[in-house]
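Please keep the viewer open as you read.

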Amino acid sequence: MKKIINDFTKMTSIVRSATVNDLVALAPSVRDKVASEGFVLIRGMFDRLEIQQKLTSLYTYANTASHKPSAGVSPAEIRCNMTKWSIGGHSQSQAGLPRFMLTVYNPLWDEDTFKLHSDFSRLIEIRDTLAGRETLIDDRLAPARYNGCRVQIYPSGGGFMGAHVDSRAASNLEGTAHCAYIQMVLLLTERGKDYQSGGAFVISDDKTIDSEAESLAGDLLVYDGSTHHGVADIDSNIAFDISNLRGRAVALVTVLTKDDILHKVKPGKTTGTTA
Ligand SMILES: [Fe+2]
């Protein structure tokens with residue numbers, strides 16, 4: 001990163017919308033804004049209170065599950081409800097993109113443990129509306145691809161992800177009609193309430209921009225395949241406590257292949273699938 005993270009330039013770009021139909025008309029301008037500014041924040045598509053209430057069962061699960069390690073996990077193992085660490089910057093899927101986070105996998109074909117499935121389905125619909133294509137439910141994707149529905153928890157005490165572009169995930173859409181890559185990040189938490197410092201950033205025109213400034217739970221952060229983005233250290237002045245995982249949490253629906261372990265990158269390349 002070219003700038004210190006506490007040197008954020010505030011430049012939140014909020015689009016207000018309430019229905020998917022609203023987004024049909026807004027989609028071209030949203031895509032243009034993401035292309036020129038690196039991101040857009042959309043408010044009104046999800047209920048803030050409902051999202052906050054769903055965090056309780058999510059954190060209960062995250063604090064009681066037995067977590068798989070960062071490396072040595074097969075692609076098949078992440079296609080069910082489970083948790084996996086992503087810690088480091090040199091091993092397996094971490095190689096080339098340093099990070100510290102816990103992923104809670106919650107695919108649509110497994111139990112709806114956190115009542116988030118309807119939100120994942122809405123995210124998929126919004127993503128594809130913004131991309132200008134039909135909704136790519138799993139049955140409409142190529143046989144080896146699926147919507148990777150999950151939550152990423154960046155824990156207080158240093159959770160982060162290095163700067164990268166989502167080139168790997170974008171390549172999973174090759175061969176799809178209207179294959180524009182849109183990354184949807186549904187914010188489940190709020191800075192100032194669930195954590196105090198750090199969060200999503202975008203690097204644009206040599207400036208590091210706080211892409212979550214003034215955001216609320218239920219807001220959508222929208223990136224595309226060119227957005228240079230990451231997650232700045234969450235509450236780095238607090239000691240990490242593995243028995244009390246909390247911090248910044250986001251829901252994502254990236255199209256994956258069944259050979260993917262998330263965030264697989266080529267060593268030395270700042271490319272990945274999400275933040
Ligand atoms: Fe990313």
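The buried residues of helix 2 (residues 48-62) are Ile51, Leu58, Tyr59 and Ala62. A residue is called buried if 20 or more other C-beta atoms lie within 10 Å of its own, exposed if 12 or fewer, and partly exposed in between, with C-beta atoms placed from the backbone. Helices (H or I, at least four residues) and strands (E, at least two) are DSSP runs, numbered from the N terminus. This is a predicted model, in which local features need pLDDT of at least 70 and side-chain atom pairs count only at pLDDT 80 or more, while totals for chains, interfaces and linings use all residues. Residues are numbered from 1 along each chain as its sequence is written.

Where do the buried residues of helix 2 pack? Their partners are strand 4 (82-88), strand 5 (99-105), strand 6 (145-155) and strand 13, with contact meaning that two C-beta atoms, placed from the backbone, lie within 7 Å.

Leaving aside residues up to four places away in sequence, Leu186 touches Phe46, Asp119, Leu123, Leu220, Val250 and Ala251.

Now look at strand 12 (residues 228-232): four of its five residues are buried, so the strand is largely enclosed by the rest of the structure. Its pairings are listed below; two strands pair if DSSP finds at least two bridges between them.

| Partner of strand 12 | Sense | Bridges | Residues facing each other |
|---|---|---|---|
| Strand 7 (residues 160-164) | antiparallel | two bridges | His164 and His229 |
| Strand 9 (residues 199-204) | antiparallel | five bridges | Phe201 and Gly230 |

Helix 1 (residues 20-37) bends by about 60° at Leu26, and Pro28 follows within four residues. The bend is the angle between axes fitted to the seven residues ending at a residue and the seven starting there. After helix 1 comes Gly38, with a positive phi near 95°.

Stepping back, the protein chain has four helices and 13 strands. Of its 275 residues, 45% count as buried. Its C-alpha atoms fill a box of roughly 45 × 45 × 40 Å along the principal axes. Residues 24 or more positions apart account for 80% of the contacts with a separation of 6 or more.
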